[in-house]
Amino acid sequence: MATIKITQTGSPIRRTSDQRATLVGLGLNKMHKTVELTDTPEVRGMIRKVAHMLSVEG
């Protein structure tokens, strides 16, 4: 399967608890941390929810 490279570019400070939980679910907890995840509809939905705090490649 294809993978997506996701980098956290925004801070979770002053964000709602569900947005913070989504970042943790994606494996992100610090600024400029990068993870590679499998491209699935579930991951795409999580990315869409916090897209304003992420940079997505691939």
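This is a predicted model: local features need pLDDT of at least 70, side-chain atom pairs count only at pLDDT 80 or more; totals for chains, interfaces and linings use all residues.
A residue is taken as buried when its relative accessible area is under 20%, as exposed when this value is over 50%, and as partly exposed in between. By this criterion, buried residues make up 29% of the 58 residues in the chain.

The chain contains 2 helices and 3 strands. Read from the N terminus, these elements follow the order β-α-β-α-β. The C-alpha atoms occupy a box of roughly 35 × 20 × 15 Å along the principal axes. The radius of gyration of the chain is 10 Å, which agrees with the value near 10 Å for a compact globule of 58 residues. Of the contacts in the chain with a separation of 6 or more, 71% are between residues 24 or more positions apart.

The strands form an open sheet of 3 strands in the order β2-β1-β3, with antiparallel pairing. Strands β2 (34-38) and β3 (54-57) are the edge strands, each of them pairing on one side only. On average, neighbouring strands of the sheet are turned by 25° against each other, direction ignored. The antiparallel pairing of β1 with β2 extends over 5 bridges. Within this part of the sheet, Thr-3 stands opposite Thr-38 in β2. Helix α2 lies across β1, β2 and β3, and runs at about 25° to β1.

The largest nonpolar core comprises 11 residues, namely Ile-4, Ile-6, Leu-23, Leu-26, Leu-28, Val-35, Val-43, Ile-47, Val-50, Met-53 and Leu-54. Strand β1 (3-8) and helix α2 (41-49) are the elements that give two or more residues to this core. In soluble globular proteins, nonpolar side chains tend to be buried together. Val-50, a member of the core, touches Gln-19, Thr-22, Leu-23 and Leu-26, with residues up to four places away in sequence left out of the count.

Thr-7 is found in strand β1. Its relative accessibility is 15%, so Thr-7 counts as buried. Beyond residues up to four places away in sequence, Thr-7 touches His-32, Lys-33, Thr-34, Met-53, Leu-54 and Ser-55. Gly-10 is placed in the loop between β1 and α1 (17-25). At 12% relative accessibility, Gly-10 falls under the 20% limit and therefore also counts as buried. With residues up to four places away in sequence again left out, Gly-10 touches Met-31 and Met-53. Gly-10 and Arg-44 are separated by 34 residues in sequence and by 18 Å in space, C-alpha to C-alpha.

A search of the whole structure returns 2 salt bridges. In one of them, the side chains of Asp-18 and Lys-49 meet at 3.1 Å, N to O. This pair links distant parts of the chain, with Asp-18 in helix α1 and Lys-49 in helix α2, 31 residues apart. Asp-18 has a relative accessible area of 37% and is partly exposed. Lys-49, with a relative accessible area of 39%, is likewise partly exposed. The side chains of Arg-44 and Asp-39 also meet in a salt bridge, at 2.9 Å, N to O. Arg-44 counts as partly exposed at 35% relative accessibility, and Asp-39 is partly exposed with a relative accessible area of 25%.

Backbone geometry was considered last. Most residues other than glycine have a negative phi. Arg-14, although it is not a glycine, has a positive phi of about 65°. Arg-14 lies in the loop between β1 and α1, and at 80% relative accessibility it counts as exposed. For His-32, also a residue other than glycine, phi is positive and near 65°. His-32 is located in the loop between α1 and β2.

Technical notes. Residues are numbered from 1 along each chain as its sequence is written. Side-chain values use heavy atoms; hydrogens and water are left out. A nonpolar core is a set of buried Ala, Val, Leu, Ile, Met, Phe, Trp, Tyr and Cys residues joined through side-chain atoms within 4.5 Å. Buried means under 20% relative accessible area, exposed over 50%, partly exposed in between (1.4 Å probe, protein chains only). Helices (H or I, at least four residues) and strands (E, at least two) are DSSP runs, numbered from the N terminus. Contact means heavy atoms within 4.5 Å. Two strands pair if DSSP finds at least two bridges between them. Axes are lines fitted to C-alpha atoms, for helices over the stretch in contact, and angles run from 0 to 180 degrees between N-to-C directions. A salt bridge is a side-chain nitrogen of Lys or Arg within 4 Å of a carboxyl oxygen of Asp or Glu. The radius of gyration is taken over C-alpha atoms; the globule rule is 2.2 Å times the number of residues to the power 0.38.
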